[in-house]
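Thank you for making time this morning.

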Amino acid sequence: MAIVVELPRLSDTMEEGVVANWRIALGDKVKRGQVIAEIETDKATMEFESFDSGYVLLLVAEEGETLPLGAPIAVLGKKGEDPQEALAAFGGGSGGGEAAAPAPAPEAAADAAASAAADAQAVAESAPAAAPSAPASVEAVHVDPKDRRIPASPVARRLAREHDLELAAITGTGPHGRVVKADVEKAIAEGTGKAAAAPAAGEFSGEVDGWGRPYVSRPDDSVRLSMMRKAIARNMTKAKQETPHYYLTMDVDMEKAFAFRADFNEAVPEGTKISFNDLIVKAVARSLRDFPSVNASFDGDKAIIRGDVNVGIAVAVEDGLVVPVVRYADQKSLEAISRESKALGKSARDKHLRPEDMSGGTFTVSNLGMFGIESFAAVINPGEAGILAVGAIESRPVVQGGELVIRKRMKMTISADHRVTDGAVAAKWLTKVRGYLENPLKMLTDGPG
Amino acid sequence: MEIPDKNAPLPETLTSAGKDETLKAFREMLRIRRFEETAARAYTRGKISGFLHLYIGQEAIAVGVKLAMQANDRVVGTYRDHGYALAQGSDANACMAELFGKATGLVGGVGGSMHYFDRPNGLWGGYAIIGNHVPVAAGHAFASKYLGDDAVTMCFLGDGAVGIGPTHEGMTLAGLWDLPVIYIVENNRYSMGTPLERTLPTEDITARAAGYGMARDRFELTDPFQVRERIGAAMKRAREESQPTLIEILTYRFRGHSMSDPAKYRAKGELEAFRSRDAIELSRRVLMEQHGMSEDELDAIDDEVIEEMDAAYTFADESPQPDPEHRFKNIMIPVPEEA
Amino acid sequence: MANLQIREAIRDAMREEMERDERVFLMGEEVGHYQGAYKCSQGLLEQFGAKRVVDTPITETGFSGVGIGAAMVGLRPIIEFMTFNFSAVAFDQILNNASKIHHMTGGQFSVPIVFRGPNAAAHMLGSTHSQAFDGIYAHIPGLKVVSVATPYDAKGLLKSAIRDPNPVIFFESELMYAVRGEVPEEEYLIPIGEADIKRPGEQVTLITWGQSVPTSLEAAKLAEADGLDVEVIDLRTLRPLDEAAVIHSVKKTNRAVIAYHGWPYGGVGAELVDRIQRMAFDWLDAPVERVCYDDIPFSYAENLEHLSIPQPEDIYAACRKVAYR
């Protein structure tokens with residue numbers, strides 16, 4: 001009987017995986033040890049070598065589809081064998097029931113006729129038709145236009161790859177629109193070929209505007225989640241489902257911090273200049289040392305008061321968000337925090353962060369000030385007691401000593417875990433943070449402020 | 001075919017030979033027989049695969065030819081080649097190991113039963129495509145004549161090989177060019193399993209010699225000394241006059257064509273009759289009746305030979321298989337640097 | 001430099017090697033008394049005598065076997081087939097003896113022999129006399145296979161073949177025996193296994209050998225007029241294949257056409273396609289094209305035969321095709 005190829009466990013922590021690319025097609029002959037697919041695991045995209053030999057009877061997994069370990073992804077067997085049988089035997093292969101004989105009889109007959117014609121040419125040409133065709137029982141597969149195979153010569157593919165060009169954005173002039181070397185060279189010379197594929201074509205929606213012009217209906221486009229995206233989804237869902245959040249917002253006067261930063265940066269050499277965020281991290285860290293219950297973690301029937309103050313800094317990257325951690329931030333100088341957070345930020349953007357750079361955080365700072373956000377509330381990183389969401393520093397009119405004055409102000413919001421902290425504690429903590437920020441010199445003293 | 005008379009007198013060539021040479025020939029024939037019996041047992045145990053063609057019953061030819069040979073003469077054989085090798089002096093261990101497909105085999109395990117070659121001992125094959133060695137043997141003789149090296153080439157073939165084209169072409173050229181080659185057809189009465197009446201247009205194979213312009217000889221095998229005498233005459237012709245000879249020796253194989261042949265095609269009583277004229281048995285009788293040896297003495301020789309072959313079996317069995325890289329060896333000879 | 005015909009270059013190669021080495025002899029039908037069916041052995045019988053220039057009856061399997069047997073003893077035979085079509089009846093000698101004996105005997109024997117003669121279609125000889133054996137012999141491990149197209153190559157390669165310790169199949173061409181070319185007066189050898197760029201070019205690699213070499217050069221001229229720069233590689237040796245030369249050129253041009261006398265199914269052309277796709281896959285800009293015989297036995301009729309043999313226009317068209325012209 002045919003052999004069902006299962007989604008392999010390619011790393012010790014892998015629980016699910018994605019067939020990123022098939023390297024085989026229906027009807028191909030596969031040899032044991034041949035790479036048949038690229039499998040995306042939680043760690044990497046790996047080549048998957050077949051354990052079995054045979055002809056590809058069915059590709060069960062679609063490229064991009066996330067499947068649990070051990071899920072059937074393909075069926076190999078002898079030419080003409082029914083893959084559904086093996087799938088059914090494998091255990092509830094979907095659609096096993098509707099696998100009524102897909103036998104491509106007409107083709108076989110045509111084959112025989114061609115042979116009988118004793119025309120060498122005809123026989124030679126009909127040979128490829130002997131490859132098994134897709135069983136009718138499988139539902140029509142939606143092919144994302146971006147994933148469609150673009151005909152291109154190997155050298156054109158290589159050149160495009162080397163020049164970081166999208167084959168889809170290059171017009172092929174070869175037979176059947178094949179992208180050939182000359183097309184890629186032209187794109188390189190003209191600086192084209194970088195754009196993504198043309199937008200999905202729309203269709204007439206059935207509605208028209210006041211002048212009778214049709215509105216266009218465009219199809220949905222499903223975007224496969226990256227492993228990072230999935231991790232974010234998982235963690236944030238967990239956080240919102242399990243952690244009772246509450247939120248406190250405080251307005252901080254940043255005039256002194258502003259002046260302090262300017263003086264500081266003037267005094268230190270290039271490369272050690274600090275950012276407002278560094279000041280905030282430092283203030284947060286010092287405050288956490290003073291309020292251990294905010295530097296804590298809920299653990300069923302007890303709260304773990306964390307011994308170290310390790311402040312995570314949320315960094316936006318291309319496809320999501322990572323939180324590298326500045327360890328022992330309460331003990332580190334401003335310069336040290338600044339230097340470290342710069343290095344971590346660069347690693348994050350270069351995708352060079354190591355797992356240990358992102359673990360062990362006890363509290364997180366998330367800053368969207370650079371986007372002009374006045375204030376926001378962030379979601380707590382599971383395992384921590386709070387996260388401080390920092391908005392933009394803006395000149396705002398405030399009442400001071402009964403007078404309306406223009407001051408540099410900043411709003412910060414703590415999201416805290418109600419299971420280990422209460423509003424009053426968090427409020428005091430916030431006040432502490434504000435105290436440091438409004439008198440930055442306090443942060444330079446060694447003792448608790 | 002004529003069935004031999006069990007009660008016929010002992011052949012004169014045998015009775016007139018001396019004791020020592022008779023004993024030596026007896027031993028050599030016995031070595032071949034015991035070797036092959038040991039090989040047959042190994043085959044049944046799965047130690048040997050492929051084809052295994054036994055020479056049992058024909059040993060006197062290989063031994064007799066060797067008696068007639070000079071040091072630089074050549075034997076070119078068929079795929080039924082164990083007898084030639086042992087008679088020529090090939091090491092029984094190496095011969096057995098070759099059957100086992102071992103690195104210590106006569107040709108390192110690449111040849112097997114049908115492809116024995118042992119150049120230092122004058123064995124030039126080992127050819128398993130019927131008749132295709134007939135022109136090759138003519139080529140050896142051509143080279144001998146060209147170089148004047150005084151060597152005679154003896155080429156064996158079976159009765160089944162005389163109809164195939166290369167045999168005819170090779171003999172044509174040997175006759176045309178007066179090459180010092182002797183073609184010895186060992187007519188064991190069966191082409192494979194088909195009696196010769198059904199495969200040969202004339203009963204006398206040597207009748208063809210006239211067409212090739214060759215001398216000829218034909219006789220019923222009795223013993224090694226008979227073979228020495230008859231081959232000796234042909235050798236003299238080859239060496240002294242550079243003339244080829246076609247010889248047919250009527251013999252009988254006691255076993256099937258190969259290990260997988262039950263030999264059901266024989267007539268009743270036929271095998272027994274031929275067995276009674278077995279050269280080994282006749283030699284045994286002569287050694288006892290004429291040279292006063294006891295049964296125990298001869299049995300002791302037999303035991304020694306059996307021991308030698310058992311040792312060969314063990315040697316072959318315990319020898320290593322060829323190195324995996326060995327399969328790429330000896331395919332192309334590097335071109336030597338030009339001086 | 002002498003200006004020689006290919007037949008004269010072959011004769012000179014044999015004569016020089018026979019003068020150089022007593023063990024070398026020539027054997028075949030009509031090689032002596034008649035001076036060679038295509039006059040490749042003109043004058044050799046007179047010079048070397050009947051011992052070394054041996055006329056044979058029509059016994060291809062016989063004299064091929066004699067050559068092999070003599071080579072095993074230590075002679076250096078040159079076996080001439082009047083045409084390689086007749087080698088078919090000696091095929092077993094080449095397949096089972098010449099190519100295998102060194103291996104089968106565990107290295108005890110070698111077969112330094114040359115089988116030479118005209119190969120492939122000539123003119124209106126019908127199906128049995130118009131066959132190319134390139135693919136058949138190049139298929140066999142244990143053989144070297146050479147195919148020559150110029151007097152210079154013919155002489156240099158035949159001398160190497162005669163000195164080679166292995167069996168060598170040496171293909172000539174009936175229609176090309178009269179082709180002239182420059183041949184040095186002094187001795188030279190061309191190593192077996194080296195291709196020769198007969199015309200350098202940048203845009204298409206045209207791989208060819210034997211009779212298709214002049215045809216391919218004509219095709220390259222047609223392409224040149226069209227602004228297409230074709231590199232013509234003459235393989236000269238079909239086994240062992242000068243893979244490096246082919247791949248180097250294909251990586252440069254990104255396109256390959258193979259033009260040769262021979263059937264399309266399997267064979268040297270197919271072997272080249274395989275190596276190119278494996279070793280230069282990421283450099284290919286178009287599928288590799290082959291221009292060779294139709295997949296049929298040949299016909300006698302002139303028009304039909306002409307259609308089955310690669311013509312310059314066919315090869316030029318294939319060059320255009322791979323260049324997307």
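How many residues does the contact take from chain C, and how many from chain B? Before I answer, please keep in mind that this is a predicted model, in which local features need pLDDT of at least 70 and side-chain atom pairs count only at pLDDT 80 or more, while totals for chains, interfaces and linings use all residues. Residues are numbered from 1 along each chain as its sequence is written, and chains are lettered from A and ligands numbered from 1 in the order in which they are written.

The contact takes 35 residues from chain C and 32 residues from chain B, where two residues are in contact if their C-beta atoms, placed from the backbone, lie within 7 Å. On the chain C side, α3 (60-73), α4 (91-98) and α5 (101-104) each supply at least two residues, and the largest share, eleven residues, comes from α3(C). Helices here are DSSP runs of H or I with at least four residues, and strands are runs of E with at least two, numbered from the N terminus. By class, this side of chain C divides into 13 nonpolar, 19 polar and three charged residues; Ala, Val, Leu, Ile, Met, Phe, Trp, Tyr, Cys and Pro count as nonpolar, Asp, Glu, Lys and Arg as charged, and the others, Gly among them, as polar.

Chain C also touches chain A, with ten residues of chain C in contact with eleven residues of chain A. There the chain C side has six nonpolar, one polar and three charged residues.

Let me turn to the interior. A residue is called buried if 20 or more other C-beta atoms lie within 10 Å of its own, exposed if 12 or fewer do, and partly exposed in between, again with C-beta atoms placed from the backbone. A nonpolar core is then a set of buried Ala, Val, Leu, Ile, Met, Phe, Trp, Tyr and Cys residues joined through C-beta atoms within 7 Å. The largest such core has 212 residues, and those with the most contacts inside it are B:Cys155, B:Ile182, C:Leu206, C:Val257 and C:Cys319. Helix α2 (residues 19-44) of chain B gives this core its largest share, eight residues. A second, separate core of 49 residues includes A:Ile274, A:Val315, A:Val325 and A:Val365.

Now some backbone details. A cis peptide bond joins B:Gly125 and B:Gly126, with omega about -10 degrees, and B:Gly126 is found in strand β2 (residues 123-126) of chain B. Another cis bond joins C:Arg239 and C:Pro240, with omega about 0 degrees, and C:Pro240 is found in the loop between β12 (237-239) and α9 (243-253) of chain C. C:Gln35, although not a glycine, has a positive phi of about 75 degrees, and C:Gln35 is partly exposed, because 18 other C-beta atoms lie within 10 Å.

Finally, is C:Glu174 buried or exposed? C:Glu174 counts as buried because it has 20 C-beta neighbours inside 10 Å, and C:Glu174 is found in the loop between β7 (168-172) and β8 (180-183) of chain C. Its contacts, apart from neighbours within four places in sequence, are C:Tyr38, C:Pro118 and C:Ala122.
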